[in-house]
Amino acid sequence: MNWWPHVVSLEFRKILVFRTEFWVTFLGQSLVQLVIARSLWTAIFEQQNVSEINGFTLPMLTLYYVIVPIGSRILTGENLGFLSREIYEGTFTRYLLYPLSWFQYKTLTYFTYSLFYAFQLMIFFVGYKFYLNGGMSLFEFGNLFLGIGLFLISSLTYLLISMAVELLSLWADNIWSLMVMLRFFSNFLGGALIPLAFFPKEAQVILSYTPFPNLISLPARTMMGLTSGQEIFQGLLVIGFWAVILALIVNLLWQRGQKKYTGVGI
Amino acid sequence: MRRYIRLYLYFLRFSFSKAMEFRLDFFFRFVMDCIYYVVNILFFKVIYLHTPVLAGWREDEIMIFVGTYILIDAINMTVFSTNLWWLPWLINKGDLDYYLIRPVRPLFFLSLREFSANSFMNLLIAGGFFIFSLSQYQGTYSVGDLFLFTILIINGSLLFYCIQTLTILPVFWTQSTRGFVDLFYTLGLAMERPHRIYKGIYKVLFTTLLPFALIASFPVKVFIDGPDLMTILHISAVTAAFFCLLNFVWTKGLKNYSSASS
């Protein structure tokens with residue numbers, strides 16, 4: 001475990017190598033998604049001439065879309081292809097030789113990205129609250145940290161889903177399209193495109209048994225103070241259940257996949 | 001010109017035989033694009049559960065809009081995207097040399113050499129949905145309207161290609177692996193929303209400076225509201241400006257390019 005801080009430090013430095021590109025992309029992505037979503041919902045509210053739809057006012061939706069783009073990035077951590085690329089190129093061999101756990105190393109690198117984005121989300125959220133309300137109450141700070149904590153827990157579940165998909169590259173040559181599919185699913189069914197409260201009731205019930213609503217919607221609404229303790233507890237139970245299932249699948253794929261792997265050099 | 005057409009036919013033949021080698025990837029990419037289409041259709045279906053009209057368009061009209069932008073996306077995925085994906089690597093590794101010494105315009109070669117055969121299947125599906133959405137349209141239109149619409153869709157694809165390439169070319173200066181292509185994909189969301197939702201500064205932004213709204217939304221506006229000279233002039237002028245800008249940045253980028261020979 002004494003190598004953990006070195007990995008985290010190295011990953012932080014890697015994130016910031018291309019600083020201009022990193023900050024332009026980060027600010028651009030966050031602001032563009034916010035502007036587009038706000039423009040869309042403003043048009044809907046004006047058309048309907050109402051102040052609230054399905055429990056959301058326009059300022060609440062704006063805050064939701066401040067949180068969601070960065071929250072989605074906390075989930076996805078390091079970019080897609082973080083395992084499959086190495087398997088495809090054969091550089092995966094090093095994890096079979098180095099005296100450290102492949103699983104721990106990958107979790108740590110992934111989680112470093114998530115932590116970095118979590119920090120950015122905190123800054124964005126606090127900045128937005130101060131800009132809008134001139135400050136934050138203790139209750140709001142509590143929700144902020146609870147929401148961030150849920151995002152980080154969700155990111156570990158998402159990591160397991162990603163691993164289960166990426167390890168398929170031990171059998172198939174190219175699986176990046178599967179990762180893109182996963183992102184489409186998690187964004188839409190997780191509530192990143194539209195809050196799940198706007199989905200038909202039947203769809204909401206079905207989704208509540210899947211991990212998706214707990215990946216984005218639950219942490220985002222918790223940060224906004226819209227969830228009860230019971231809802232958070234239920235969400236954690238569902239996500240915990242899926243994490244166990246996924247961990248078993250990842251372990252099975254890893255055990256079987258190693259036998260299929262071939263690579264030359266490191 | 002004939003030489004370029006013949007060359008492109010060779011690209012097509014090579015791309016199809018290459019795609020058939022990776023059949024599982026072929027299947028995955030096909031399913032991926034289908035899911036993208038379904039998610040986009042469902043997105044507007046959910047929105048229309050809460051409003052009968054969005055930005056002046058009814059549900060049958062918005063479905064034409066969805067059909068248009070997924071068709072443009074499919075055209076670009078099939079014709080350009082795979083090529084553009086590799087561009088940063090070629091620049092950073094110095095492999096651009098191979099393309100600069102050939103007796104063909106490098107940007108033509110680099111943009112079109114790989115026709116994405118797997119996405120071609122999706123182009124057929126996107127085209128099918130586009131035709132279906134037109135069949136559900138409650139308004140009337142003439143053959144002339146359809147012809148103009150087709151021209152504007154092709155123009156939209158060209159504009160999409162210009163903007164995408166312009167977000168990649170900064171790698172000539174930054175030497176990074178992706179340029180601003182992630183930002184491009186996020187900005188692409190602006191293409192997937194009707195232009196009338198943008199007001200004030202955002203309207204100027206998305207119709208002129210970052211003209212994503214011109215790619216699909218304006219062609220649909222011309223189709224539904226009828227031809228309007230100012231709108232068509234606007235689309236043509238912005239596309240021409242972006243095409244010139246692309247060639248300018250490409251030339252400047254090449255001057256900045258260096259490699260220790262391949």
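Is B:D225 buried, partly exposed or exposed, and what is its relative accessibility? In this predicted model, B:D225 has a relative accessibility of 46% and therefore counts as partly exposed.

B:D225 pairs with B:R196 in a salt bridge whose closest N and O atoms lie 2.8 Å apart.

Over all chains, the whole structure holds 8 salt bridges. One of them brings together the side chains of B:K45 and B:E59, with an N to O distance of 2.8 Å; here B:K45 lies in helix α2 (residues 23–47) of chain B and B:E59 in helix α3 (residues 59–93), the two being 14 residues apart. B:K45 is partly exposed at 39% relative accessible area, and B:E59 is partly exposed at 27%.

B:R58, B:D60 and B:E61 are linked in a network of salt bridges, within which B:D60 and B:R58 have their closest N and O atoms 3.0 Å apart. B:D60 is buried, with a relative accessible area of 10%, whereas B:R58 is partly exposed, with 32%.

## A nonpolar patch on chain A

On chain A, the residues A:W23, A:L27 and A:L31 make a nonpolar surface patch of about 260 Å². A:L31 is part of helix α2 (residues 19–48) of chain A, and its relative accessible area of 43% makes this residue partly exposed.

How values were computed:
Residues are numbered from 1 along each chain as its sequence is written. Chains are lettered from A and ligands numbered from 1 in the order in which they are written. This is a predicted model: local features need pLDDT of at least 70, side-chain atom pairs count only at pLDDT 80 or more; totals for chains, interfaces and linings use all residues. Side-chain values use heavy atoms; hydrogens and water are left out. Patches are made of residues with over 30% relative accessible area and no salt bridge: like charges are joined within 9 Å, nonpolar side chains (Val, Leu, Ile, Met, Phe, Trp, Tyr) within 5 Å. Accessible areas come from the Shrake-Rupley method with a 1.4 Å probe; for residues, only the protein chains shown count as cover. A salt bridge is a side-chain nitrogen of Lys or Arg within 4 Å of a carboxyl oxygen of Asp or Glu. Helices (H or I, at least four residues) and strands (E, at least two) are DSSP runs, numbered from the N terminus. Buried means under 20% relative accessible area, exposed over 50%, partly exposed in between (1.4 Å probe, protein chains only).
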